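Biologist: Could you walk me through how to read ring pairs and helix packing in a model like this one?
Modeller: Happy to; let us look at it together.

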Amino acid sequence: MPNERLSSSRLEAFSDGVIAVIITIMVLELKVPAREVGNLAGLHDVLPLVFIYLLSFVMVGIYWVNHHYLIDGLEQVTHGILWSNLALLFALSLIPWATNWVALRGISSFSVALYCIVCQLPAIAWWLLSTLICRRSGKPLAGSPGQQVFSTILYTGAIPVAYYNPYISLAMISLVAVRWFLPPKKIVDLTHNPKP
(Lines give C-alpha, C1' and ligand atoms only; values in the text may rest on other atoms or scores of the structure.)
Protein backbone atom coordinates (compact mmCIF):
# COMPACT_ATOMS: atom_id res chain seq x y z
CA MET A 1 0.00 0.00 0.00
CA PRO A 2 1.53 3.33 -1.00
CA ASN A 3 2.33 5.84 1.69
CA GLU A 4 -0.29 8.52 1.10
CA ARG A 5 0.19 12.02 2.44
CA LEU A 6 -2.64 13.60 4.36
CA SER A 7 -3.42 16.77 2.42
CA SER A 8 -4.51 19.90 4.25
CA SER A 9 -7.13 20.68 1.58
CA ARG A 10 -9.74 18.37 3.15
CA LEU A 11 -9.08 19.85 6.59
CA GLU A 12 -9.59 23.36 5.19
CA ALA A 13 -12.76 22.47 3.26
CA PHE A 14 -14.30 20.64 6.22
CA SER A 15 -13.45 23.48 8.60
CA ASP A 16 -14.94 26.08 6.24
CA GLY A 17 -18.16 24.05 6.03
CA VAL A 18 -18.50 23.59 9.79
CA ILE A 19 -17.83 27.27 10.48
CA ALA A 20 -20.44 28.25 7.87
CA VAL A 21 -22.99 26.04 9.65
CA ILE A 22 -22.08 27.54 13.04
CA ILE A 23 -22.70 31.07 11.73
CA THR A 24 -25.98 29.98 10.11
CA ILE A 25 -27.22 28.39 13.34
CA MET A 26 -26.52 31.61 15.22
CA VAL A 27 -28.55 33.79 12.87
CA LEU A 28 -31.52 31.41 13.10
CA GLU A 29 -31.75 32.24 16.81
CA LEU A 30 -32.55 35.89 16.09
CA LYS A 31 -36.32 36.20 16.49
CA VAL A 32 -38.64 39.11 15.76
CA PRO A 33 -40.57 40.17 18.89
CA ALA A 34 -44.31 39.39 19.08
CA ARG A 35 -46.74 41.78 17.37
CA GLU A 36 -48.11 42.87 20.72
CA VAL A 37 -44.81 44.62 21.45
CA GLY A 38 -44.38 47.98 19.70
CA ASN A 39 -41.63 48.32 17.12
CA LEU A 40 -39.30 50.51 19.18
CA ALA A 41 -39.97 48.56 22.38
CA GLY A 42 -39.37 45.30 20.51
CA LEU A 43 -36.13 46.61 19.07
CA HIS A 44 -35.06 47.73 22.54
CA ASP A 45 -35.85 44.25 23.91
CA VAL A 46 -33.70 42.45 21.32
CA LEU A 47 -30.71 44.84 21.37
CA PRO A 48 -28.77 42.76 23.94
CA LEU A 49 -29.29 39.65 21.81
CA VAL A 50 -28.20 41.50 18.67
CA PHE A 51 -25.05 42.65 20.48
CA ILE A 52 -24.26 39.11 21.70
CA TYR A 53 -24.98 37.75 18.20
CA LEU A 54 -22.68 40.36 16.63
CA LEU A 55 -19.93 39.59 19.15
CA SER A 56 -20.31 35.84 18.55
CA PHE A 57 -20.33 36.30 14.77
CA VAL A 58 -17.17 38.41 14.87
CA MET A 59 -15.42 35.90 17.13
CA VAL A 60 -16.27 32.94 14.88
CA GLY A 61 -15.23 35.03 11.87
CA ILE A 62 -11.90 35.86 13.49
CA TYR A 63 -11.20 32.17 14.05
CA TRP A 64 -12.11 31.45 10.42
CA VAL A 65 -9.77 34.19 9.10
CA ASN A 66 -6.91 33.14 11.38
CA HIS A 67 -7.49 29.46 10.52
CA HIS A 68 -6.94 30.44 6.89
CA TYR A 69 -3.68 32.19 7.78
CA LEU A 70 -2.60 29.28 9.95
CA ILE A 71 -3.02 26.52 7.39
CA ASP A 72 -1.89 28.55 4.39
CA GLY A 73 1.15 26.76 3.07
CA LEU A 74 0.58 23.65 5.21
CA GLU A 75 0.97 20.80 2.75
CA GLN A 76 0.49 17.83 5.02
CA VAL A 77 -1.46 17.23 8.21
CA THR A 78 -0.90 14.78 11.03
CA HIS A 79 -3.23 12.78 13.21
CA GLY A 80 -2.72 15.32 16.01
CA ILE A 81 -3.53 18.25 13.71
CA LEU A 82 -6.74 16.57 12.54
CA TRP A 83 -7.95 15.94 16.09
CA SER A 84 -6.92 19.35 17.43
CA ASN A 85 -8.76 20.93 14.48
CA LEU A 86 -11.85 18.92 15.45
CA ALA A 87 -11.44 20.15 19.04
CA LEU A 88 -11.42 23.74 17.74
CA LEU A 89 -14.53 23.14 15.64
CA PHE A 90 -16.30 21.52 18.60
CA ALA A 91 -15.45 24.47 20.84
CA LEU A 92 -16.65 26.92 18.18
CA SER A 93 -19.89 24.94 17.80
CA LEU A 94 -20.73 25.74 21.43
CA ILE A 95 -20.80 29.49 20.73
CA PRO A 96 -24.34 29.46 19.22
CA TRP A 97 -25.55 27.54 22.28
CA ALA A 98 -24.00 30.06 24.68
CA THR A 99 -25.33 32.94 22.57
CA ASN A 100 -28.81 31.47 22.71
CA TRP A 101 -28.48 30.92 26.49
CA VAL A 102 -27.86 34.63 26.97
CA ALA A 103 -30.74 35.40 24.58
CA LEU A 104 -33.21 33.28 26.53
CA ARG A 105 -31.99 33.99 30.06
CA GLY A 106 -30.90 37.59 29.62
CA ILE A 107 -27.68 39.32 30.58
CA SER A 108 -27.10 37.97 34.07
CA SER A 109 -23.99 37.05 35.99
CA PHE A 110 -24.39 33.33 35.34
CA SER A 111 -25.33 33.58 31.65
CA VAL A 112 -22.43 35.93 30.87
CA ALA A 113 -19.96 33.82 32.90
CA LEU A 114 -21.10 30.76 30.94
CA TYR A 115 -20.72 32.71 27.69
CA CYS A 116 -17.17 33.72 28.72
CA ILE A 117 -16.24 30.11 29.50
CA VAL A 118 -17.52 29.01 26.10
CA CYS A 119 -15.55 31.84 24.47
CA GLN A 120 -12.39 30.65 26.19
CA LEU A 121 -12.70 27.03 24.97
CA PRO A 122 -11.87 27.78 21.30
CA ALA A 123 -8.86 29.80 22.47
CA ILE A 124 -7.49 26.73 24.26
CA ALA A 125 -8.12 24.51 21.23
CA TRP A 126 -6.60 27.18 18.98
CA TRP A 127 -3.43 27.26 21.04
CA LEU A 128 -3.03 23.48 20.64
CA LEU A 129 -3.82 23.50 16.91
CA SER A 130 -1.54 26.44 16.15
CA THR A 131 1.31 24.91 18.13
CA LEU A 132 1.07 21.64 16.20
CA ILE A 133 0.77 23.35 12.82
CA CYS A 134 3.65 25.75 13.47
CA ARG A 135 5.87 22.83 14.51
CA ARG A 136 4.86 20.96 11.36
CA SER A 137 5.27 23.86 8.94
CA GLY A 138 8.20 25.58 10.64
CA LYS A 139 6.43 28.94 10.30
CA PRO A 140 5.83 31.27 13.25
CA LEU A 141 2.32 32.25 14.30
CA ALA A 142 0.79 35.23 12.53
CA GLY A 143 -0.18 36.74 15.89
CA SER A 144 2.33 37.43 18.61
CA PRO A 145 2.68 35.37 21.81
CA GLY A 146 1.86 38.58 23.68
CA GLN A 147 -1.49 38.74 21.89
CA GLN A 148 -2.22 35.17 22.98
CA VAL A 149 -1.34 35.96 26.61
CA PHE A 150 -3.42 39.18 26.51
CA SER A 151 -6.43 37.23 25.23
CA THR A 152 -6.03 34.47 27.80
CA ILE A 153 -5.86 36.96 30.68
CA LEU A 154 -8.99 38.80 29.49
CA TYR A 155 -10.95 35.58 28.81
CA THR A 156 -10.05 34.15 32.21
CA GLY A 157 -10.65 37.42 34.04
CA ALA A 158 -14.02 37.98 32.36
CA ILE A 159 -15.48 34.89 34.08
CA PRO A 160 -15.32 36.13 37.71
CA VAL A 161 -15.92 39.74 36.60
CA ALA A 162 -19.32 38.59 35.25
CA TYR A 163 -20.42 38.15 38.88
CA TYR A 164 -19.36 41.71 39.67
CA ASN A 165 -20.74 43.31 36.50
CA PRO A 166 -21.80 41.28 33.43
CA TYR A 167 -21.46 44.31 31.16
CA ILE A 168 -17.80 44.83 32.07
CA SER A 169 -17.26 41.13 31.42
CA LEU A 170 -18.79 41.44 27.95
CA ALA A 171 -16.62 44.50 27.33
CA MET A 172 -13.54 42.41 28.17
CA ILE A 173 -14.61 39.73 25.67
CA SER A 174 -15.28 42.47 23.12
CA LEU A 175 -11.79 43.85 23.68
CA VAL A 176 -10.32 40.44 22.80
CA ALA A 177 -12.41 40.41 19.61
CA VAL A 178 -11.29 43.94 18.68
CA ARG A 179 -7.65 43.00 19.31
CA TRP A 180 -7.85 39.94 17.03
CA PHE A 181 -9.98 41.77 14.46
CA LEU A 182 -6.99 43.94 13.62
CA PRO A 183 -4.71 41.88 11.34
CA PRO A 184 -1.13 41.16 12.46
CA LYS A 185 1.59 43.25 10.79
CA LYS A 186 2.99 40.12 9.12
CA ILE A 187 -0.33 39.51 7.38
CA VAL A 188 -0.75 43.15 6.36
CA ASP A 189 2.75 43.16 4.87
CA LEU A 190 2.13 39.88 3.06
CA THR A 191 -1.21 40.94 1.58
CA HIS A 192 -0.06 44.42 0.55
CA ASN A 193 3.36 43.36 -0.70
CA PRO A 194 3.01 39.78 -1.94
CA LYS A 195 6.24 37.97 -2.68
CA PRO A 196 6.73 36.92 -6.31
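This is a predicted model: local features need pLDDT of at least 70, side-chain atom pairs count only at pLDDT 80 or more; totals for chains, interfaces and linings use all residues.

Biologist: Is Y53 buried or exposed? And how should I class F57?

Modeller: Compare the relative accessible area with the cut-off: buried means under 20%. Y53 has 15%, so Y53 is buried. F57 has 34%, and is therefore partly exposed.

Biologist: Where would I find a pair that links distant parts of the chain?

Modeller: Take Y63 and W126: their ring centres are 6.0 Å apart and their planes stand at 70°, so this pair is edge-to-face. Y63 sits in helix α2 and W126 in helix α4, 63 residues apart, so the pair links distant parts of the chain. Both Y63 and W126 are buried.

Biologist: How many aromatic pairs are there by this rule?

Modeller: The count comes to four aromatic pairs. In the pair of Y53 and F57, the ring centres lie 6.1 Å apart with planes at 45°, so that pair is tilted. There is also one aromatic cluster, formed by W97, W101 and F110.

Biologist: Now the helices. What describes two packed helices?

Modeller: Two things: the angle between their axes and the distance between those axes. For helix α4 (residues 109-137) and helix α5 (residues 145-164), the axes come within 8 Å and cross at roughly 160°. Angles over 145 degrees count as roughly antiparallel, which makes α4 roughly antiparallel to α5. Their crossing is left-handed.

Biologist: Which residues of α4 and α5 meet?

Modeller: From α4, the contact includes F110, C116, I117, A123, W126 and W127. Among their partners in α5 are Q148, T152, Y155, I159 and Y163. Sorted by type, the residues of the contact of α4 with α5 are 14 nonpolar, five polar and no charged.

Biologist: At what angle do helix α3 and α4 cross?

Modeller: At roughly 165°, with the axes of helix α3 (residues 79-105) and α4 coming within 8 Å. That makes α3 roughly antiparallel to α4. The crossing of α3 past α4 is left-handed. The residues of the contact of α3 with α4 divide into 23 nonpolar, five polar and two charged.

Definitions and conventions:
Residues are numbered from 1 along each chain as its sequence is written. Side-chain values use heavy atoms; hydrogens and water are left out. Axes are lines fitted to C-alpha atoms, for helices over the stretch in contact, and angles run from 0 to 180 degrees between N-to-C directions. Helices (H or I, at least four residues) and strands (E, at least two) are DSSP runs, numbered from the N terminus. Angles under 35 degrees count as roughly parallel, over 145 as roughly antiparallel, 65 to 115 as roughly perpendicular and the rest as oblique. A crossing is left-handed if the near helix is turned anticlockwise from the far one by less than a right angle, and right-handed if clockwise. Contact means heavy atoms within 4.5 Å. Ala, Val, Leu, Ile, Met, Phe, Trp, Tyr, Cys and Pro count as nonpolar, Asp, Glu, Lys and Arg as charged, and the others, Gly among them, as polar. Rings of Phe, Tyr and Trp (its six-membered ring) pair if their centres lie within 6.5 Å; planes under 30 degrees apart count as stacked, over 60 as edge-to-face and the rest as tilted. Buried means under 20% relative accessible area, exposed over 50%, partly exposed in between (1.4 Å probe, protein chains only).
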